[in-house]
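Q: I'm new to this one, could you walk me through it?
A: Gladly; here it is, and then please ask whatever comes to mind.

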Amino acid sequence: SALAMDMRHGLMHGEFELYFQRQNDTQSGKVVGFEVLLRWTHPMRGMVSPVDFIPIAERTGFIMELGDWVLRQACLEAVQWRNPLCIAVNVAPKQLANPAFPQRVRDILTETGLPAERLELEITESGIIADQQHALNIIRQLKSFGVKIAMDDYGTGYSSLSTLQLFPFDKIKIDRAFIDNVAENRQSAAIVRSTLILAQSLDIPVLAEGVENADHLKFLQDEGCAQVQGYLYGRPAPLSQLQDVVNGQP
Ligand code: G
Ligand code: G
Ligand code: MN
Ligand code: NA
């Protein structure tokens, strides 16, 4: 498609940019890291959402190049910060399935000098269900050199108990669909609570996404959710707007 061709051209011409969204400790309120979110400003169409271009990049295979660029760029940025905050980078299923992926990540860390402990990779269930053993093997390699693995969009897929038991996740990110109405909707509240209890029994910290207001935060504080991310703390923003956070007094 036209958009697929434009993406290739756009990557070479600097049309892609990284935005960063804070992740905060629920109790102290302190920033602990950022999720890295890709943005594309198309010369004719303006801002194109990743919801629209990531699926195309996945279909065409361009995600391999694009994902590589995101990872490298994010590490290059983060290594320059005065405050050694973590970065969480989204990894598409096709990237994760690539047997060369762990070595690629390792090379990027070596090239950029970012300590592996500062990098977390966010993967979705669709990235691990096709071939569980293969995915597990790749995840183990990544973890062997210190990279952390987060389960993204938790609750939207099968999210079965066996998935959580089989995969050595360092974090579970509850999808924002469940946080949205957590204060009013008993079903959402029940899902969030049971996820927190389950994660606690497996000793995996939980981050809640889409925290937009004080009611959301209060609920998550009361229920013992470790980390929060959402508009209450900050929208995804370019690094130029986050200088006080990454380079200021910690
Ligand atoms: O930034 P926003 O909340 O609009 O992102 C929309 C979707 O695009 C989310 O599901 C997010 O995970 C995905 N996304 C954003 N940046 C990247 C990226 O660099 N790689 C991949 N694979 N997905 C991304
Ligand atoms: O799918 P993933 O969790 O990777 O993507 C996160 C998406 O959620 C991004 O598109 C980001 O812009 C969006 N987002 C982040 N915080 C909030 C929030 O508080 N409310 C809403 N509605 N969306 C959010
Ligand atoms: Mn994510
Ligand atoms: Na998510």
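**Around the ligands and beyond**

A: Eight nonpolar, three polar and no charged residues make up the shell around ligand 1, where Ala, Val, Leu, Ile, Met, Phe, Trp, Tyr, Cys and Pro count as nonpolar, Asp, Glu, Lys and Arg as charged, and the others, Gly among them, as polar. This is a predicted model, in which local features need pLDDT of at least 70 and side-chain atom pairs count only at pLDDT 80 or more, while totals for chains, interfaces and linings use all residues. Residues are numbered from 1 along each chain as its sequence is written, with chains lettered from A and ligands numbered from 1 in the order in which they are written.

Q: Which residues surround ligand 1?
A: They are L37, L38, S49, P50, V51, I54, G67, V70, N90, A92 and P236, a residue being near a molecule if its C-beta atom, placed from the backbone, lies within 6 Å of it.

Q: And which elements give two or more residues to that shell around ligand 1?
A: Strand 2 (31–42), helix 2 (50–60) and helix 3 (63–78) do, and helix 2 supplies the largest share, three residues. Helices (H or I, at least four residues) and strands (E, at least two) are DSSP runs, numbered from the N terminus.

Q: What about ligand 2, how many residues surround it?
A: Ligand 2 has 13 residues around it, the closest being G210, E212, G230, Y231 and P236. That shell divides into four nonpolar, four polar and five charged residues.

Q: Back to helix 2: at what angle does helix 1 pack with it?
A: Helix 1 (residues 2–12) and helix 2 pack at about 90 degrees, with their axes 10 Å apart; axes are lines fitted to C-alpha atoms, for helices over the stretch in contact, and angles run from 0 to 180 degrees between N-to-C directions. The two helices are therefore roughly perpendicular to each other, a term for angles of 65 to 115 degrees.

Q: Which residues meet there, in helix 1 and helix 2?
A: From helix 1, L3, A4 and M7 meet F53, I56, A57 and T60 of helix 2, with contact meaning C-beta atoms, placed from the backbone, within 7 Å. Six of the contact residues are nonpolar, one is polar and none is charged.

Q: New topic: is D203 buried or exposed?
A: D203 is exposed, with 6 other C-beta atoms within 10 Å; a residue is buried with 20 or more such atoms, exposed with 12 or fewer, and partly exposed in between, C-beta atoms being placed from the backbone. D203 sits in the loop between helix 9 (186–202) and strand 8 (206–208).

Terms used: Parallel < 35°, antiparallel > 145°, perpendicular 65-115°, else oblique. Contact = placed C-beta atoms within 7 Å.
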